[in-house]
Protein chains: 2
Amino acid sequence: MDKEGREEKGGRRVMVGVAGVVLAASFLFMRGPVQETSAPSTPPTYDYDPCCSFPCQNQGVCTTLQNNSYTCDCTGTGHYGTNCQIPTWGSWIAKQLKPDPETVHNLITANWPLWAVINRIPFLHSKIMTYVYLSRGDLVDSPPTFESDHHYITLDAYYNESYYGRALPPVPAHCPTPMGVAGPKEFPDVDELIKKVFLRREFIPDPHDTNVLFQYYAQHFTHQFFRTDYTKGPHLTKGNGGVDVSNIYGLNEQDRRALRSWENGKLRTQVINGEEFPPYLKDVPAISMDYPPHIPIPETGKFALGHPFFALLPGLFAYSTIWMREHNRVCDELLKIHPHWDDERLYQTARLIVIGEVIKITIEDYVQHLSQYRLRLTFEPHLTHGTHFQYHNRIHAEFNHLYHWHPLIPDGLEVSNTSYALMDMAFSTAPIFKHGLDNFIHAMVNSRSGALTSRNHAHALYPVLKKVIENGRQLRFQGLNAYRRRFGMQPFTSFLDLAGDPELAADLEHFYGDIEAVEYYVGLVTERPGPSVTPLSMVNMGGPWSVKGLMANPICSPKYWKPSTFGGEEGFQIIKTATLERLFCLNMKTGCQNIAFTVPPGTP
Amino acid sequence: MDKEGREEKGGRRVMVGVAGVVLAASFLFMRGPVQETSAPSTPPTYDYDPCCSFPCQNQGVCTTLQNNSYTCDCTGTGHYGTNCQIPTWGSWIAKQLKPDPETVHNLITANWPLWAVINRIPFLHSKIMTYVYLSRGDLVDSPPTFESDHHYITLDAYYNESYYGRALPPVPAHCPTPMGVAGPKEFPDVDELIKKVFLRREFIPDPHDTNVLFQYYAQHFTHQFFRTDYTKGPHLTKGNGGVDVSNIYGLNEQDRRALRSWENGKLRTQVINGEEFPPYLKDVPAISMDYPPHIPIPETGKFALGHPFFALLPGLFAYSTIWMREHNRVCDELLKIHPHWDDERLYQTARLIVIGEVIKITIEDYVQHLSQYRLRLTFEPHLTHGTHFQYHNRIHAEFNHLYHWHPLIPDGLEVSNTSYALMDMAFSTAPIFKHGLDNFIHAMVNSRSGALTSRNHAHALYPVLKKVIENGRQLRFQGLNAYRRRFGMQPFTSFLDLAGDPELAADLEHFYGDIEAVEYYVGLVTERPGPSVTPLSMVNMGGPWSVKGLMANPICSPKYWKPSTFGGEEGFQIIKTATLERLFCLNMKTGCQNIAFTVPPGTP
């Protein structure tokens with residue numbers, strides 16, 4: 001155990017407990033346990049770049065040398081050997097003690113009385129939440145290491161913030177197959193793949209009673225940071241790298257200024273049918289929205305929103321309206337406490353409170369439902385203060401792809417006994433004004449969303465699905481198994497192991513031949529269902545990106561997370577008591593029923 | 001000791017040792033030691049905003065309430081009470097154990113044999129270096145909290161990266177005096193101030209034998225991150241927030257591409273008088289340089305460099321040339337190891353190595369000389385791995401002002417027996433081509449720079465000096481004493497305490513009346529000289545910003561700091577063996593003598 005061993009720090013060893021530390025210390029100058037391995041002591045040469053086969057294990061870094069040989073840099077991996085295959089004693093002990101992620105997941109989603117007890121013991125619950133935050137956060141490289149233009153580290157991965165980050169570098173461009181060395185020489189035909197594996201035969205409802213309010217929350221929430229710059233390419237973003245509430249307030253200062261009323265800190269509104277709504281686009285010329293030029297939309301159907309895309313669907317417009325009302329409600333609350341504050345301070349402070357509410361609701365309502373954890377998830381920023389947690393985030397290209405959750409979308413929605421097909425609602429806010437916002441919200445509450453699984457993509461969304469698969473190919477994503485390894489999971493050993501269902505497994509085997517060649521997004525969606533709303537790989541990859549994005553927000557850092565940042569204890573309490581239900585019930589006009597991310601009990 | 005006490009974590013308590021922890025734990029539910037204090041239990045009201053008097057101590061946050069009363073948020077300060085004036089037991093013990101910064105400084109700069117011993121015991125030396133990195137880093141809020149447009153926390157302080165950060169918020173705009181409540185109603189006349197306090201009577205050489213090579217290093221190094229966007233205002237920057245070597249390679253991708261040769265990773269060069277130099281501006285039309293339109297400069301006097309400002313002075317051009325040659329030299333070294341690498345990979349990897357060399361030389365040669373520490377400063381990024389150190393940086397407006405070190409600049413330079421006045425060298429590279437680069441470099445080595453103190457600003461730099469004072473006023477900087485408190489130093493108690501010299505003290509008292517009203521930059525420069533090249537406040541404020549900027553660089557983070565990032569062990573060694581002397585000697589044509597940041601012994 002030499003340099004790598006000594007530089008291996010923090011985290012894992014703590015788990016081993018004091019006895020383990022003493023034991024490990026006594027072995028400090030011994031080599032780690034040599035395992036049975038087929039790795040040769042001097043690597044052979046190949047007729048292709050040997051790094052194409054990703055020979056370095058445990059996240060060692062492969063560098064091609066002359067004569068088609070290679071070397072693995074095992075620094076910081078807790079392993080050594082030609083292929084970083086031999087664990088140091090510390091890593092070996094940690095590995096023995098650490099249960100399989102699938103076992104942990106089953107335990108944490110199991111309906112045991114144990115969780116009811118743990119959830120009620122603050123000391124123990126805090127310890128577990130701290131572990132959740134830190135262990136999830138540790139899986140995201142911060143500062144970011146890779147982008148999509150290089151398969152090695154460059155300074156641009158950090159300094160060029162136009163790049164989405166990458167958890168794994170692209171497959172080098174000159175490899176024998178698109179996945180390196182595994183699988184077919186060419187990717188499977190995307191249309192055939194979609195038809196066989198993705199398209200909905202008949203609507204499969206989500207087995208966890210997830211409703212359409214959840215589906216739209218996902219879309220509304222994530223588009224604040226998934227802001228691909230499509231004019232330049234799928235590897236670039238216009239976003240700010242996190243939960244910046246730009247979907248509510250606008251991405252740049254010009255947009256933010258345009259959406260302000262400049263009175264008492266509030267956002268611009270207008271009254272339609274006696275209710276407050278966002279202003280018409282015609283009244284806010286500085287804002288540019290993505291209304292398609294070929295579809296005739298009346299001027300009273302076009303609105304100015306924080307996100308150019310949120311004109312797309314009435315569900316997004318509903319969320320936009322509710323958050324706008326919430327901002328203005330918070331301004332009223334602040335004005336009661338600070339009647340002498342000017343518009344600017346009320347606006348800025350309300351925005352800080354709203355970002356806190358977004359994070360609170362996302363963790364405690366949204367992720368709680370999504371994960372189906374029986375552990376009560378809580379938003380407690382102080383738990384990571386003083387730890388090695390890094391308060392900086394970069395959105396990853398793979399996170400964007402993973403979040404293509406279009407199977408959630410049902411083929412239509414019934415609002416007050418009127419049926420709307422998916423395409424009836426595109427680029428239209430008409431259902432909201434016809435039935436009233438409250439009725440539309442209740443329709444979202446009462447409608448089941450689809451299961452996030454294979455063969456459940458609505459036909460209308462074919463182009464979106466095709467684009468995400470094509471973009472994944474253009475970005476040269478490594479295969480699903482590479483990502484499973486990257487995020488501490490066991491790779492799938494067979495197509496049946498992945499898909500669960502023999503027929504689907506056979507289809508996938510037909511396309512890919514080798515389980516190592518299954519594409520990232522294709523694998524994520526075709527994985528057998530588990531106890532959460534998404535399959536397990538999505539939970540264990542999306543979880544780290546999600547926790548990182550939420551908890552690395554500046555407001556969670558020690559110098560921000562205090563009452564004065566939010567206008568005093570009253571403002572702080574608005575965040576601490578925020579729930580999905582309060583968000584809607586405080587901002588609906590005629591009253592609210594059953595606000596939750598599940599359909600009410602008894603819904604067919 | 002309630003919430004604040006419990007949330008007080010990490011860092012300081014460790015110092016107390018095990019005994020202290022046990023003691024502190026036993027006091028956990030007791031109040032802290034009540035100190036004699038004049039703070040009333042219910043704050044009185046004022047006829048002005050009471051927060052203008054900065055009543056909250058120990059970095060508590062003041063919020064004005066109705067009826068001109070106020071409240072202090074003491075969260076995380078380790079103090080409580082109306083004005084956060086009462087330490088918790090933990091803070092009280094830490095305060096007792098922690099020596100005064102001035103005492104520490106005197107100890108660390110004292111020429112004791114103890115340091116020679118400590119510098120040679122790796123275990124002990126590493127412990128001290130870790131403490132240096134972490135304690136310095138802790139003084140910089142990360143993520144950043146303030147910018148110059150608001151005197152309270154906003155999301156823009158983090159998300160709007162055009163802002164320089166602020167260590168202290170601006171003085172609120174509606175206060176009785178520019179400094180809050182202290183001092184005169186109007187700032188002293190800037191011209192009178194400059195004449196009395198700043199302008200050079202006769203050249204005062206730096207007593208630490210600092211030479212002009214050091215002065216130009218400071219200028220060349222810092223302008224990669226001090227990139228004020230003057231067209232928009234002194235609170236805004238075009239820079240990337242740190243050591244990004246943009247002064248060598250260019251700030252944006254367009255500039256970087258223009259400066260590349262696209263062959264073997266190298267930068268574009270041209271041969272003049274048998275030596276490699278940067279290309280003429282006319283040959284790189286994509287680059288825009290700040291040559292003044294009213295001064296006639298021949299086309300063979302204009303060069304394309306990574307920084308538009310580096311045409312200003314031949315010293316900056318000399319550094320630009322040396323770093324360009326170093327980049328190309330590193331490319332040659334990489335090509336020997338990786339003959340199959342393409343131009344792109346050679347370029348990107350050489351840039352990573354060069355950034356490492358810059359940081360290494362800055363810490364081990366430049367800061368070592370600047371601080372005059374007898375502790376050997378070392379660049380050891382692994383020391384902060386796994387700690388709470390944050391790998392993200394924002395340049396602060398106050399750091400930019402602090403770094404206006406123009407007293408270092410002598411009135412002229414003698415190159416090969418030819419004397420050049422300061423203005424002879426402005427916008428001109430002629431001395432380099434007349435005498436040769438090597439002679440010019442040796443002239444910088446052999447020439448003394450000025451002492452960084454009052455009454456030592458060259459007359460030619462009057463406009464620069466006036467601008468920095470005026471900008472500080474426009475940015476509403478708090479006074480020097482507020483910054484002393486912010487960075488853990490005792491505030492000055494009198495003008496004599498600040499200036500040391502009675503005559504200067506009297507002049508300052510005439511201008512400001514109250515020691516609390518002394519402006520930030522004015523106070524920094526007029527402080528009595530200490531053992532370092534800069535006065536002590538500059539060391540203890542600049543130190544944290546500097547350490548943070550150097551060690552928070554992405555290449556210092558655990559996933560970057562490994563051989564493979566730098567092309568393998570050979571590339572890693574280029575960083576680890578970099579020195580100022582090697583930088584010059586490997587890139588000078590005719591040989592090098594006495595390369596250092598001090599004039600050679602015996603220089604008059």
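Predicted model: local features only at pLDDT ≥ 70, side-chain atom pairs only at ≥ 80, totals over all residues.
Reader: How many residues apart are C52(A) and C175(A)?
Author: A disulfide joins C52(A) to C175(A), with an S to S distance of 1.9 Å. C52(A) sits in the loop between α2 (12-26) and β1 (61-64) of chain A, and C175(A) in the loop between α7 (156-159) and α8 (190-198) of that chain. The pair therefore links distant parts of the chain, 123 residues apart.

Reader: Are C52(A) and C175(A) buried or exposed?
Author: Buried means under 20% relative accessible area. The value for C52(A) is 1%, and for C175(A) it is 12%. Because each value is under the cut-off, C52(A) and C175(A) are buried.

Reader: Which parts of chain A does the link of C74(A) and C84(A) tie together?
Author: The sulfur atoms of C74(A) and C84(A) are 2.1 Å apart, in a disulfide. C74(A) lies in the loop between β2 (70-73) and β3 (79-80), and C84(A) in the loop between β3 and β4 (86-87), so the pair ties together parts that are ten residues apart in sequence. Both cysteines are buried. The parts tied together are thus the β2-β3 loop and the β3-β4 loop of chain A.

Reader: Is the link of C56(B) and C72(B) left-handed or right-handed?
Author: C56(B) and C72(B) form a disulfide with sulfur atoms 2.0 Å apart. C56(B) is in the loop between α2 (12-26) and β1 (61-64) of chain B and C72(B) in strand β2 (residues 70-73), so the link ties together parts 16 residues apart in sequence. The angle about the S-S bond is -85°, and the link is left-handed.

Reader: Which residues does F584(B) touch, not counting residues up to four places away in sequence?
Author: F584(B) is one of the residues of the largest nonpolar core that touch the most other members. With residues up to four places away left out, the contacts of F584(B) are L213(B), Y319(B), I322(B), I441(B) and I595(B).

Reader: What arc do the buried residues H105(B), I108(B) and T109(B) cover?
Author: H105(B), I108(B) and T109(B) are buried in helix α4 (residues 101-109) of chain B. They lie on the same side of α4(B), because the arc around the axis is only 90°.

Reader: Which elements do the buried residues of α4(B) pack against?
Author: At the start of α4(B), a side-chain oxygen of D100(B) comes to within 3.0 Å of the backbone nitrogen of E102(B). The buried residues of α4(B) pack against α5 (113-118), α13 and α22 (536-551) of chain B.

Technical notes. Residues numbered from 1 in each chain as written. Chains lettered and ligands numbered in written order. Heavy atoms only, no water. Disulfide = S-S within 2.5 Å. Helix = DSSP H or I, 4+ residues; strand = E, 2+ residues; numbered from the N terminus. Buried < 20%, exposed > 50% of the residue type's maximum accessible area, 1.4 Å probe, protein only. Core = buried A, V, L, I, M, F, W, Y, C linked by side-chain atoms within 4.5 Å. Contact = heavy atoms within 4.5 Å. Arc of directions from axis to C-beta. Polar contact = N/O pair within 3.5 Å; in protein donor to acceptor, adjacent residues only side chain to side chain.
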